[in-house]
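Trainee: Please show me the chain, and then we can go through it by question and answer.

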Amino acid sequence: MTTKTATNAEAAYKIWLGHTIQCAACRTTPCVTALRLGRAWREARR
Ligand SMILES: [Zn+2]
């Protein structure tokens with residue numbers, strides 16, 4: 001279970017990171033999508 005949770009957290013982090021790199025809006029301020037992805041990442045870490 002721990003491994004699965006860590007994998008999900010890492011996957012969510014990579015998705016969030018990939019968005020922040022591609023999203024022009026996130027270069028200045030995190031957009032709604034980035035906030036949602038960041039929340040999903042934090043949820044997966046628990
Ligand atoms: Zn964004």
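**Helices, exposure and spacing**

Mentor: T7 is found in helix α1, which covers residues 2–22; helices are DSSP runs of H or I with at least four residues, strands are runs of E with at least two, and both are numbered from the N terminus. This is a predicted model, in which local features need pLDDT of at least 70 and side-chain atom pairs count only at pLDDT 80 or more, while totals for chains, interfaces and linings use all residues. Residues are numbered from 1 along each chain as its sequence is written.

Trainee: How many helices and strands does the chain have?

Mentor: The C-alpha atoms fill a box of roughly 35 × 15 × 10 Å along the principal axes. Within the chain, the count is two helices and zero strands.

Trainee: Is T7 buried or exposed?

Mentor: A residue is buried if 20 or more other C-beta atoms lie within 10 Å of its own, exposed if 12 or fewer, and partly exposed in between, with C-beta atoms placed from the backbone. T7 has 11 C-beta neighbours inside 10 Å, so T7 counts as exposed.

Trainee: What separates the C-alpha atoms of T7 and L37?

Mentor: T7 belongs to helix α1. T7 and L37 are 30 residues apart along the chain, and their C-alpha atoms are separated by 15 Å.

Trainee: How far apart in space are Y13 and R45, C-alpha to C-alpha?

Mentor: Y13 also lies in helix α1. Because Y13 has 17 C-beta neighbours inside 10 Å, Y13 counts as partly exposed. Y13 and R45 are 32 residues apart in sequence, and their C-alpha to C-alpha distance is 9.5 Å.

Trainee: Why does W16 count as buried?

Mentor: W16 is found in helix α1. Buried residues make up 4% of the 46 residues in the chain. W16 counts as buried because its number of C-beta neighbours inside 10 Å is 22.

Trainee: Which residues does W16 touch, not counting those up to four places away in sequence?

Mentor: Contact requires C-beta atoms, placed from the backbone, to lie within 7 Å. W16 and R39, 23 residues apart in sequence, have C-alpha atoms 9.6 Å apart. With residues up to four places away in sequence left out, W16 touches A34, L37, G38 and W41.

Trainee: How far is P30 from T20 in space, C-alpha to C-alpha?

Mentor: P30 lies in the loop between α1 and α2 (32–45). P30 is partly exposed because 17 other C-beta atoms are within 10 Å. P30 and T20 are ten residues apart in sequence, and the C-alpha to C-alpha distance is 7.7 Å.

Note on methods:
Contact = placed C-beta atoms within 7 Å.
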